[in-house]
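This report walks through a structure for a reader who has not seen it before. Please look over the sequence and the model first.

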Amino acid sequence: MGRLLALGILGTLACAQIAAAQTGSVTGTISTTAKGAVPIRVTIDQKVCGAELPDEAIVATAQGQLANAVVILTGVKRAAGAEGTVMNDKCRFAPRVQLARPNSSVKTSSKDPVLHTTQAQLENGRTIFNVAIPVPGITISKPIGAAGVIRLNCNTHPWMRGWMVVTDEAAAISGADGRFTIDNVPPGTYEARVWHEALKGAPQKITITAGKPTEISFQLK
Amino acid sequence: MWLITLLLAATLAVSGQDQPQPTTIPEMWGAWCARCHAQDGTGKIDEPTVTVEPMDFTDCKLTTAEPDADWERAIAKGGPGVGLSPQMPAFEDSLTAEQIRGFVSHIRGFCAERGWPNGNTNFPRPIITEKAFPENEFLILPAISHRNGETEMEIKGLYERRLGKRSMFEIGVPVTNDGVDEVEAAVKHALFSNTSSIFAVGLEAAVSRAVTVFEPFISAGTMVRDWYLQGHVKVELPTDRLKAERAFVYNAYIGRDTNGSPQTWTLGVELNGENDELALTPQIRKGLTGTGALAASVGATIPLNERETRGVRWVGYLLWEYLEPWRARK
């Protein structure tokens, strides 16, 4: 039995290595010369939110490496992932930006002992849901529909903003260092496009080669 | 033990649950709802966080006119549940049904005046039966019948306006194949109203070139389970009995909604009588907009007797509650 299990594990690892060898990846850096806005002065619920919060519309390092940008590979489909969670935490949506699958659902919850609402709006302004979370610890799951970008607002803390990029294509969000990686991409030529809540960048053609990463960079304005 | 205490304290601090949470409806109102609706329910606050100004709950004609079910739906489903602003969030996942009912009661309490008829008796309007609840409505009521190759058509415009807490006046102008020959004016007063029943009296005068007919009437309505029961009785008293006959008119309606939305279908049937003539009017009504401020109804008045002289009459209305927002605000 133990021998069989070991064989199974070895087989799975071997398959994964073969699959990795047959696919490539894309990695790179997103940067900008734009600067973030001045911090937000909080006048509501200061005990919970604090007196000041950073404006997170543009989060970049001193060298201009930009976080919270989403790179999407057009035409590279991905299987469904786990249901995402939007947490209301110290009067901020955490994470600020996340990926979601079309026709899936999202959970929203709160750590704050104040009334928050999570209002999800499509790009055309239509609200798909708006739920109240008056006490911490409640978790509410709501369906989301077709691909696109969903904006999250809190009706009691107007500075709060979150984003969900709804896509069934391969995508990644840049980290605090501006870096992103998309693995397991079949070899071929694709268009890589980038989304950011406040900045724009041109799409690029990239060619993926099996077994090695392809490096690209985006400059957003 | 001290370690457990420390861990528990740390967990509570991180989760924010060390903050005292409101437990009563007034406390919850103050902590949550007052953020937009103000502590006093006026919707006027110094630092609004929403772009739509909430309605003034101290305005009794707003807080008393609609049934509890509509208010409960607004709290549970949020503004879009009743065709209002999506900036009002849904509380159905965070409050119990009992708490939601408590908030409705709290909101009703912002109306400090007594004597307004209870919104729970604001039943859907039947096509022919006069409803008892005073309304602010404008209606177009078409009616058409075919008999012996002839088509009889009537379109009546009706304007209704509330007067004070419990009264209403209305003016109606019917237009027939022969043009305008009559103007109707009426006043109505709700004498009694509780959480499920209402009773009103009124007087209508139909003035034509030939004769004036005075029509004292009573209207009543009640709710039994989910069924609306409404009744209306009037006597037609012409000033000249050579030109018009006295008549005893009686109408009864039973109906129910198919769901709790303002855009619900309402299915109903009326029994319509005038002296010895009897008819049934099955009908269907629908709220046309998210707020239900626009609605339409259509039905057919089918004679139950004296069919040789009476045919089927198609009837209906298009209704506009002109003081209500007819569609949602962004």
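## Chain A overall

Of the 221 residues in chain A, 35% are buried. The model is a predicted one. Chain A holds 2 helices and 18 strands, and its C-alpha trace covers about 60 × 50 × 30 Å along the principal axes.

Contacts in chain A can also be sorted by separation in sequence. Among those between residues at least 6 apart, 64% connect residues at least 24 apart.

## An open sheet in chain A

Chain A contains an open sheet of 4 strands, arranged in the order 14-4-16-17. The pairing in this sheet is antiparallel. Strand 14 (169-173) and strand 17 (204-208) of chain A are at the edges, and each has a single partner strand, so one side of each has no neighbour in the sheet. From one strand to the next, the twist averages 30 degrees.

One pairing in the sheet is that of strand 16 (residues 188-195) of chain A with strand 17 of chain A; these two strands run antiparallel and are joined by 5 bridges. Tyr190(A) has Ile206(A), in strand 17 of chain A, as its bridge partner. As a general point, strands of a sheet pair through backbone hydrogen bonds, in either a parallel or an antiparallel manner.

Strand 12 (residues 148-153) of chain A is joined to strand 9 (residues 116-121) of chain A by 3 bridges, and the two run antiparallel. Across this pairing, Ala120(A) stands opposite Leu152(A), which lies in strand 12 of chain A.

Strand 12 of chain A also pairs with strand 13 (residues 161-166) of chain A. Here 6 bridges join the two strands, which run antiparallel. Ile150(A) has Met164(A), in strand 13 of chain A, as its bridge partner.

Ile40(A) belongs to strand 2 (residues 40-41) of chain A.

Which residues does Ile40(A) contact, once its neighbours within four places in sequence are left aside? They are Glu52(A), Leu53(A), Asp55(A) and Trp159(A). Ala51(A) is 11 residues from Ile40(A) in sequence, and their C-alpha atoms are 8.5 Å apart in space.

## Chain B overall

Chain B has 330 residues, of which 31% count as buried. Its secondary structure comprises 5 helices and 13 strands. The C-alpha trace of chain B spans about 100 × 35 × 35 Å along its principal axes. Among contacts in chain B between residues at least 6 apart in sequence, 49% are between residues at least 24 apart.

## The two domains of chain B

Chain B is divided into domain 1 (2-108) and domain 2 (120-320). Taken over C-alpha atoms, the centres of domain 1 and domain 2 of chain B are separated by 39 Å.

Where the domains meet, 10 residues of domain 1 of chain B are in contact with 9 residues of domain 2 of chain B. On the domain 1 side, helix 4 (residues 68-77) of chain B supplies the largest share, 3 residues. The side of domain 1 of chain B that touches domain 2 of chain B has 5 nonpolar, 1 polar and 4 charged residues.

## Helices 2 and 5 of chain B

How do helix 2 (residues 25-37) and helix 5 (residues 97-108) of chain B pack? Their axes are 10 Å apart and meet at an angle of about 80 degrees. That makes helix 2 of chain B roughly perpendicular to helix 5 of chain B, because angles from 65 to 115 degrees count as roughly perpendicular.

From helix 2 of chain B, the contact involves Ile25(B), Pro26(B) and Trp29(B). From helix 5 of chain B, the residues are Gly102(B), Phe103(B) and His106(B). By class, the residues of this contact are 4 nonpolar and 2 polar, with no charged residues.

## Where the chains meet

The contact between the chains takes 25 residues from chain A and 21 residues from chain B. On the chain B side, the largest share, 3 residues, comes from helix 2 of chain B. The side of chain B that touches chain A is made up of 8 nonpolar, 9 polar and 4 charged residues.

Conventions
Residues numbered from 1 in each chain as written. Chains lettered and ligands numbered in written order. Predicted model: local features only at pLDDT ≥ 70, side-chain atom pairs only at ≥ 80, totals over all residues. Axes fitted to C-alpha atoms, helices over the stretch in contact; angles between N-to-C directions. Parallel < 35°, antiparallel > 145°, perpendicular 65-115°, else oblique. Contact = placed C-beta atoms within 7 Å. Nonpolar A, V, L, I, M, F, W, Y, C, P; charged D, E, K, R; others polar. Pairing = 2+ DSSP bridges. Domains from an automatic or database assignment. Buried ≥ 20, exposed ≤ 12 C-beta atoms within 10 Å, placed from the backbone.
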